[in-house]
Structures are given as C-alpha cells and as structure tokens.
Amino acid sequence: MGKGCGEMNDPNKIHDDTVEIPETAHQISSDSWLQVAFILTTGINSAYVLGYSGTIMVPLGWVGGVVGLFLATLISLYANALVAMLHEFGGTRHIRYRDLAGYIYGKRAYKITWALQYINLFMINTGFIILAGSALKAAYTLFRDDGQLKLPYCIAIAGLVCALFAICIPHLSALGIWLGFSTVFSMAYIIIAFALSIKDGIQSPPRDYGIPLSGSNKVFETIGASANLVFAYNTGMLPEIQATIKQPVVKNMMKSLYFQFTVGVVPLYMITFAGYWAYGASTDAYLLNNVNGPVWVKALANITAFLQSVIALHIFASPMYEYLDTKNAIKGSALNIKNLSFRILVRGGYLAFNTFVAALLPFLGDFMSLTGAISTFPLTFILANHMYLVAKKDRLSSLQKLWHWINIVFFSIASVAATVAALRLISVDSKTYHIFADI
C-alpha cells in the first residue's frame, strides 16, 4: 500500500504544515516499466492525434507546427523527468501529484494542486467523450447519412459505454490486456488515416498551406495552438502512473518516459504531418472527416478510434476513481456487491456529468486549448520546475536556479495568454453554434 507522505518529525520536511495522506485502495508497485510506457504511449496516441493536423498545424503552418511539436516533445520530456525524479523525495513515496505538492509546500498547495488536476482530467475526459461521439457519428454517417443520429445522441452512447467500462475495470493496473487492445486500436486508425491521407495528397492538386486567419483572430488562434502543443504530450497525472511501477521507481519511470518520447511519439508525428500535407489549410479538427477511401476502411478507423477513446478515458479518470474508492474504503474483490454497486453509482454519476458537459459544448479543439492553458501549463511546467527548485535548492547552482525561474516565468505568462485565447475561442464558437450542437 502507498505510504503516507505527511509524516511527523520528518527531517526532510520543507515546512511544518503537515498533510494527512490516506492509504490507497488501488494497487501500487505492480507494473513493469514497459507496461507503464504503454500506458503513457496510449495517452499521447489516443484518438486526440486525429485532431492535431487541424488544431496545431493549420493555425501554426509548416514552420511553426513542426518546430513547435519538436520543442514541445523536448520540454515535455524534461518537465516530466523533473516530476519523476521527485517521486521518492524525502525518503517517502508520493503516489499522487497532490501528495508531492503537499509534502513540498503544505496543505494549501495540496488542495490547489488537486483542484487543478481535477479540472485537467475532467476536461480531458470530456474531450474523450466528444471524440468517441464524433467517431461514432462519422461511422454511422458512412452508411446512413440521414441526419437521424445526431452528435449529442452519439455522445450519450459514448458516455454510457465509458461508464460500463469504468464499472468493469476497478483500477489502472487492472487494464492489463486492454492496453494491448488499445495499442492495436491506435495503430489501426493511425495507419488508416496516414495511408488515406498520403493517397489523397498524391492525387490532389497543390494545397494552400497559408494560415487562414489574420489580425487578432490569427493571434488568438496561434496562442490557442500553443496550448494544444503541450496538451498533446502531457497527462497531468505522472505520479499516479508512476505509483504503479515496480522498484526502482525513478529508474524504471525514466525508461518509460524515454520510450514515450522516442518510440511513442512517432505515430503522432506521422499522422499529424501527413494529414496537414494532404489537406493543407482545409484540414478538419477530426482528420477522418477529410480522408477518402473504401467505406469499410473508414468505418474501421472510426470504430477503433471510438474504442480506443473508451480505454484512454479510463486512464485519465483513474485518479478520480482512486480518490473516490480510497475515501469510501472500497477494497477487496471487484465483484463484491458493495464495491460493484459503488462503482455503478459513483463512477456512473461522474461520467454522466462528463457526458452532459460534452454534449452541451462539443467544441473539441477549444477544450484541448483550454485544458492546455489552465491545467497542463501549471501542472506540468510551472509546478514541476518550482517543486524541483524548492526540493533541490541546496544542490543547484545559481545558473540552474536561474534556468528554472526562467521556465516558471515564461510558462506562467504562456498559461495566462493561452487561457484568454481559449476562452475567447469558446465564446466565439458558442455564438456560432447553439448548445447541444450537431457539429
């Protein structure tokens, strides 16, 4: 079980503001570094990759998009490595992001970090339900374009399937073989979208790669796309994922991160660049809406995107499930009547609210931008650098301290700017489309 990090009389404590950390009801230290690497890779190659050609490359163009993606890869690896190296800081294992923040800063930071993380994961999960619903609608439209199965209905179906999966899989380590299925599903829609994009690009006349907007709209879209860049690579729940890995936890986690940011990013690059190359400035926020090919092939891509979104959502919802299960002492057999009833009621209710928000405001690109702005920037870049700076202050040179402060200031400014841009985008789209829109 996870050891609490708010222990009394700890000589390594940075402050006297003790935080009580509960034991976890979920499994820890049970997974190999490779299984954890696949969890991380599943996150970055989720069906969200079908949107990056339209939400990153179109607003930024070839130069900004390519340079931005490569830079985002490097800075995301660096920031995640900082968090991973603090996992056993002070001789205590910190199995939750908020536990680590609470240990370093105190109770207030514990609560703020949990609030930020909750917002981050809630919005990511809302996006997954929108994605799954969009994939389902796209598959239906291939066979019956009669307008009967609208996006809100598809989102409701997607939410129900996600709830059923959440009820059946009690915790993150229990995914097991489902990670294998997730990898197969990811490769299916990525290979299909990549192949059809290349075919369309070869057969199409020259495309327009110009950035379609101008003036203030161009500025806001560019800032929003920068938030999408960091959203693409980061989970906001690295300590929770690291909690499942076997000892030595830091060494094994670094192996997982190196896998994620080398082998794991190749499919993302392939589909993002191929999609933009094939369709240019007209690339849709859901790439499978652009591709041309046999109906059954496109249907397969959409169905696998739908199924992978269900699995990926479970990964990003797991910190909330762990919190609820631990708070309510849900332990023992997953098939125990009490435990099963609890998952049906509580996880079902949580995902029902997620689904309602997804159907109410189904603007996928805007959710990506807002998530990156108000939670990914603070959790992954600002907090990671500052925690490392505080934790290692006696071991860092003046130049290293300056480097971390530059990161903190830069990403703080970027977070504020990206939040303003994302809220503006949602406001504009809300005026263009009514609530529960059938986009």
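I began with Ile192, which is buried at a relative accessible area of 12% (buried means under 20%, exposed over 50%, partly exposed in between, with a 1.4 Å probe and protein chains only). A note for myself: this is a predicted model, where local features need pLDDT of at least 70, side-chain atom pairs count only at pLDDT 80 or more, and totals for chains, interfaces and linings use all residues. Residues are numbered from 1 along each chain as its sequence is written, and side-chain values use heavy atoms, with hydrogens and water left out.

Next I looked up where Ile192 sits, and found it in helix H6 (helices are DSSP runs of H or I with at least four residues, numbered from the N terminus). Leaving aside residues up to four places away in sequence, Ile192 touches Val297, Leu300 and Ala301 (contact means heavy atoms within 4.5 Å). I also checked Gly293: its C-alpha is 9.4 Å from that of Ile192, though 101 residues separate the two in sequence.

Then I turned to the helix pair. The axes of H6 (residues 177-203) and H11 (residues 295-327) come within 8 Å and cross at roughly 140° (axes are lines fitted to C-alpha atoms over the stretch in contact, and angles run from 0 to 180 degrees between N-to-C directions). Among the residues making this contact are Trp178 and Phe185 of H6 and Thr304 and Ile311 of H11.

Last, I looked at the largest nonpolar core, which has 124 residues (a set of buried Ala, Val, Leu, Ile, Met, Phe, Trp, Tyr and Cys residues joined through side-chain atoms within 4.5 Å). H11 supplies the largest share of this core, 14 residues.

Terms used: Helix = DSSP H or I, 4+ residues; strand = E, 2+ residues; numbered from the N terminus.
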